[in-house]
Amino acid sequence: MAVKLIANYAKRLGLPGFSSHHFSISTEIELTDLGQVQGEATRLYSLLQDAVDREIQHVGFVPGDTYGMNGGNGADHRNGEPRWACSDKQKELVLKLVDENGLDRKAVEQTAQDRFGTGVKLLNKLQMSGLIGELLEVCGNGKPNGTRNNGRAHKPAAKGGTR
């Protein structure tokens, strides 16, 4: 009676930038004698371990720290420009606020640098939410409770004054 012996050996190594490298080898053999199982298992484990250890040393591509943010290499696949780190809806809202209210793009960029230590395009979702809140206040479209006022102008009251 033939017995199948299936052996697998795998190894995963951690790499910089929260990446990892994995390699696995499997093999299957037939044994005619159950007495061969222990010896063949030892031999296969050693053989597969040596092969994996030898091959896994060839790491290949190691991604940088920003690889994979928003879909890959940091470039917008449609036009080759750098992708924004925030959501697409947040990006659209910021661009709309800048365009519709005639805001100075350099001033908005400087605000992002001052508040978060990075440019507008690199702001994450939480940071961008904070910037959007500031822009809404500057544009007069923000309310203290975070709701919109259907496009009607809302000007902050002067200190000590009423609205």
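Figure 1. His21 belongs to strand 2, which covers residues 19-31, in a model that is predicted. With a relative accessibility of 16%, His21 counts as buried, because the limit for a buried residue is under 20%. The side chain of His21 reaches the backbone oxygen of Ile56 at 3.3 Å. Apart from residues up to four places away in sequence, the residues that His21 touches are Lys11, Arg12, Leu13, Leu15, Ile56, His58 and Val59.

**Figure 2. Pro16 in the loop between the two strands.** Pro16 is placed in the loop between strand 1 and strand 2. Its relative accessibility of 54% makes Pro16 an exposed residue, since exposed means over 50%. Pro16 and Val62 are separated by 46 residues in sequence, yet their C-alpha atoms are 7.5 Å apart in space.

Figure 3. Helix 1 is formed by residues 37-55 and contains Val52. The relative accessible area of Val52 is 0%, so this residue is buried. Leaving out residues up to four places away in sequence, Val52 touches Tyr9, Lys11, Phe23 and Ile25. The C-alpha atoms of Val52 and Ala10 lie 7.0 Å apart in space, although 42 residues separate the two in sequence.

**Figure 4. The aromatic pair of the structure.** One aromatic pair is present in the structure. The ring centres of Tyr9 and Tyr45 are 5.3 Å apart and the ring planes stand at 85 degrees, so the arrangement is edge-to-face; the angle that this class requires is over 60 degrees. The pair links distant parts of the chain, with Tyr9 in strand 1 (residues 3-15) and Tyr45 in helix 1, 36 residues apart. Tyr9 is buried, at a relative accessible area of 9%, whereas Tyr45 is partly exposed, at 46%. Tyr9 is also one of the residues touched by Val52.

Figure 5. The largest nonpolar core has 15 residues, of which Trp84, Val94, Val108, Val120, Met128, Leu131 and Leu135 touch the most other members. At least two residues of this core are supplied by each of helix 2 (88-100), helix 3 and helix 4 (125-139). Helix 4 gives the largest share, six residues. In soluble globular proteins, nonpolar side chains tend to be buried together.

Figure 6. When neighbours within four places in sequence are set aside, Met128 is in contact with Trp84, Cys86, Gln90, Val94, Val120 and Leu123. Gln90 lies in helix 2 and is buried, with a relative accessible area of 14%. Residues up to four places away in sequence again being left out, Gln90 touches Lys125, Met128, Ser129 and Ile132. Lys91 is likewise found in helix 2, but its relative accessibility of 23% makes Lys91 partly exposed. Between Lys91 and Lys125 the C-alpha to C-alpha distance is 9.7 Å, with 34 residues separating them in sequence.

**Figure 7. Helix 3 and the residue that follows.** Helix 3 consists of 12 residues, 105-116, which should span 16 Å at 1.5 Å a residue. The end C-alpha atoms of helix 3 are 16 Å apart, in agreement with this expectation. The expected span is 1.5 Å times one less than the number of residues. Just after helix 3, Gly117 takes a positive phi of about 75 degrees.

**Figure 8. The protein as a whole, for orientation.** The protein has four helices and two strands, in the order β-β-α-α-α-α from the N terminus on. Of its 163 residues, 25% count as buried. Among contacts between residues at least 6 apart in sequence, 43% join residues at least 24 apart. The protein exposes about 11500 Å², of which carbon and sulfur atoms supply 52%.

Note on methods
Residues numbered from 1 in each chain as written. Predicted model: local features only at pLDDT ≥ 70, side-chain atom pairs only at ≥ 80, totals over all residues. Heavy atoms only, no water. Buried < 20%, exposed > 50% of the residue type's maximum accessible area, 1.4 Å probe, protein only. Contact = heavy atoms within 4.5 Å. Phe/Tyr/Trp six-rings, centres within 6.5 Å; stacked < 30°, edge-to-face > 60°. Areas by Shrake-Rupley, 256 points an atom, 1.4 Å probe, with all protein chains shown as cover. Polar contact = N/O pair within 3.5 Å; in protein donor to acceptor, adjacent residues only side chain to side chain. Core = buried A, V, L, I, M, F, W, Y, C linked by side-chain atoms within 4.5 Å.
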